[in-house]
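Trainee: I have a structure open and would like to learn how to read its features. Could you take me through some of them, one at a time?

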Amino acid sequence: MPESSPETHVIDFRAAEQLLAARDPRGAIRLLDSVITAHPENTAARLLRARAFFLAAQLRPAELEFQIVLEREPDNAFAHFALGRTLERAGRSEEALRHFRLAAALEPRPEFIEAARFARGTGDGDGERDPGRTDRDPE
């Protein structure tokens, strides 16, 4: 196994982003596990791993990662939105709505407002969309 260093962690993080964009969430999770083990305080890596868990339909681990991000960054609108999508997909619509509304209040983006049911429509509620597709970082 190659020696782990800050440089390899950056490479692993970037590779995990690419794997997620290529719809390989399990591969991304494998890479991010070592990054987070070495840097548990790295919120960006946790957010990316939460998205990967979501796409791999590992809803409980996704929920836990999004919660860790929100403990550190309670004003992270995207993390609230993504946690809402995760809870919605797990059939916990009432809890999800709370996070959708927080996301919309923090950052009134159209998809956040729609999910929060502040707009005319109530959203499609399919829960299958990658919560990362609305992330601040373009993919």
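Mentor: Start with burial: a residue is buried under 20% relative accessible area, exposed over 50%, and partly exposed in between, using a 1.4 Å probe and protein chains only. Arg46 has a relative accessibility of 10%, so Arg46 counts as buried. Before going on, note that this is a predicted model, in which local features need pLDDT of at least 70, side-chain atom pairs count only at pLDDT 80 or more, and totals for chains, interfaces and linings use all residues. Residues are numbered from 1 along each chain as its sequence is written, and side-chain values use heavy atoms, with hydrogens and water left out.

Trainee: With which residue does Arg46 form a salt bridge?

Mentor: A salt bridge is a side-chain nitrogen of Lys or Arg within 4 Å of a carboxyl oxygen of Asp or Glu. Here the partner of Arg46 is Glu65, and their closest N and O atoms are 3.0 Å apart. The pair links distant parts of the chain, with Glu65 in helix H4 and Arg46 in helix H3, 19 residues apart. Helices are DSSP runs (H or I, at least four residues), as strands are (E, at least two), and they are numbered from the N terminus.

Trainee: Is Glu65 buried or exposed?

Mentor: Glu65 counts as buried, because its relative accessibility is 6%. Helix H4, where Glu65 is found, covers residues 59–72.

Trainee: Which side chain does Glu65 join in a polar contact?

Mentor: A polar contact is a pair of N or O atoms within 3.5 Å; within protein, one must be able to donate a hydrogen and the other to accept it, and residues adjacent in sequence count only if both atoms are side-chain atoms. The side chain of Glu65 is joined to that of Arg49 by a polar contact of 2.3 Å. A plain contact means heavy atoms within 4.5 Å. Apart from neighbours within four places in sequence, Glu65 is in contact with Arg46, Arg49, Ala50 and Phe53.

Trainee: Which residues are linked in a network of salt bridges?

Mentor: The network links Asp33, Arg46, Arg49 and Glu65. In the whole structure, a search finds ten salt bridges. One of the salt bridges is formed by Arg85 and Glu88, with the closest N and O atoms 2.8 Å apart. Arg85 and Glu88 are about one helical turn apart, because they are three residues apart in helix H5. Both Arg85 and Glu88 are buried.

Trainee: How many of the residues of H5 are buried?

Mentor: Twelve of its 13 residues are buried, so H5 is largely enclosed by the rest of the structure. What covers the buried residues includes H3, H4, helix H6 (93–106) and helix H7 (110–115).

Trainee: How do I check the length of a helix?

Mentor: Work out the expected span, which is 1.5 Å times one less than the number of residues. For the 13 residues of H5 (residues 77–89) this should be 18 Å, and the end C-alpha atoms are 18 Å apart, so the two agree. At the N-terminal end, Asn76 caps H5, with a side-chain oxygen 3.2 Å from the backbone nitrogen of Phe78. After H5 comes Gly91, whose phi is positive, near 80 degrees.

Trainee: Where does H2 bend?

Mentor: The bend at a residue is the angle between axes fitted to the seven residues ending there and the seven starting there. H2 bends by about 25 degrees at Leu32. Among the buried residues of H2 are Ile29, Leu32 and Val35. Helix H1 (6–21) and helix H3 (43–55) are included in what covers the buried residues of H2.

Trainee: What should I make of a positive phi?

Mentor: Most residues other than glycine have a negative phi. Arg23, in the loop between H1 and H2, has a positive phi near 65 degrees. Ala57, in the loop between H3 and H4, has a positive phi near 60 degrees. Ala57 counts as partly exposed, because its relative accessibility is 48%.

Trainee: Which side chain makes a polar contact with the side chain of Glu63?

Mentor: The side chain of Arg92 does, at 2.8 Å. Glu63 lies in helix H4 and counts as buried at 5% relative accessibility.
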